[in-house]
Amino acid sequence: MKIISIGNKGIESVLRYSCFLFLFSRGLLYVIFDSPYRALLWSEATLAPYLEGMGIEWSYYADVSNPWICALENGIGIFLMLASFCFLSIKPDEVRRWKRWLICAAGTFTMLHVLLVYLGHNREFPVLPEYLLQGLCPWLFLGYLRYFSRDRCEPWSKVSPELLLWTKIALSCCFIGHGLYAFGWPYQPAYFVDMLVRCTQLEFAAASFVTRVIGAVDIFLGVALFVRGWERVILGHMFVWGMLTALSRVLSYVIVPMMWSNWNPWLFETTVRVVHGGLPLFLMCLYPTVQGVGSEWRALWVRLKKPSF
């Protein structure tokens, strides 16, 4: 059964624009809003021992560090914004490799972002799987880049099963991590419930219960993605659900309360999450064209058993 078909070039465009919106928005948020680098560089418990070892008092560091922390955030943000355009322009057969290196550097920053958010949230486990998809986004793009083609009719049939598997694992982790928080482990973030209250006008207690149900659905989708034969249906639900959760920022803080001055930063808090729906759409459209679908774990096991010498 065909759920959606957008053509081979359309499949490529979904991946390109999803990655572009994510990385451009992440960089812009660094510039106009904040970043986890500030939380790390202003963590007295983390940095004070090192500063004291260099003969620098924490009070002095706190007074003078803000300008260069801002410069660091802005520099990384501008770099990510510029690197994001490589997603739109890079071709698999380019001789010059600087665009690949820019995407690799951006991927290093996105993985570092995941680590810093994890540390900034007191090492709460669900943060790691929730942000893993964003951290891996540039690396997954490079993995699929070799299968891009200028020929609109050329199929994606040779995409490696292992690459499909890693994409599914990243998607599954994202939904399970988000679902654990929504369900209430280790706690239910108040702003999750607040967004639902703003959109639906439910009482807080009722919205908290609905958020738990949403969390259970997220966890179910993350697990069911690996059930053979269900993949495209689950990916379709992930696409819709990922887009809705991304749009909930704009809906709850801008559109429903009609507070149009809140477009900044909530518009970019939405676009940075478009990849949560874009990657499921990409994979859902890709599945019918790929040979060996359903054998991803077996292909990985064969690869691991193969001797390396």
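User: What makes the space of about 140 Å³ a cavity in this structure?

Analyst: In this predicted model, the largest cavity has a volume of about 140 Å³. It is called a cavity because a 1.4 Å probe fits there but cannot get out. The search of the whole structure finds four cavities of 30 Å³ or more.

User: Which residues line the largest cavity, and what makes them lining residues?

Analyst: The lining consists of Glu 130, Cys 174, Phe 175, His 178, Asp 218, Trp 241, Gly 242, Thr 245, Ala 246, Arg 249, Arg 273 and His 276. They count as lining because each has an atom within 4 Å of a point of the cavity.

User: Which helices supply at least two residues of that lining, and which gives the most?

Analyst: Helix H8 (161-183) and helix H11 (231-255) each supply at least two. H11 gives the most, with five residues.

User: Why is Cys 173 called partly exposed?

Analyst: Its relative accessible area is 21%. Buried means under 20% and exposed means over 50%, so Cys 173 falls in between.

User: Why is the pair of Phe 24 and Phe 85 called edge-to-face?

Analyst: The structure holds 14 aromatic pairs. In the one formed by Phe 24 and Phe 85, the rings are 5.9 Å apart centre to centre, with 85 degrees between the planes. The centres lie within 6.5 Å, so the rings pair, and the angle is over 60 degrees, so the pair is edge-to-face.

User: What parts of the chain does this pair link?

Analyst: The pair links distant parts: Phe 24 is in helix H1 (residues 8-32) and Phe 85 in helix H5 (residues 66-89), 61 residues apart. Ring pairs also link Phe 20, Phe 24 and Phe 85 into a cluster.

User: Are Phe 24 and Phe 85 buried, partly exposed or exposed?

Analyst: Phe 24 has a relative accessible area of 24% and Phe 85 has 42%. Both values lie between 20% and 50%, so both residues are partly exposed.

How values were computed. Residues numbered from 1 in each chain as written. Predicted model: local features only at pLDDT ≥ 70, side-chain atom pairs only at ≥ 80, totals over all residues. Heavy atoms only, no water. 1 Å grid on protein atoms, 1.4 Å probe; cavity = no way out; pocket = protein on both sides within 12 Å on 5 of 7 lines; lining within 4 Å. Points joined across faces, edges and corners; volume = space filled by probe spheres on them. Helix = DSSP H or I, 4+ residues; strand = E, 2+ residues; numbered from the N terminus. Buried < 20%, exposed > 50% of the residue type's maximum accessible area, 1.4 Å probe, protein only. Phe/Tyr/Trp six-rings, centres within 6.5 Å; stacked < 30°, edge-to-face > 60°.
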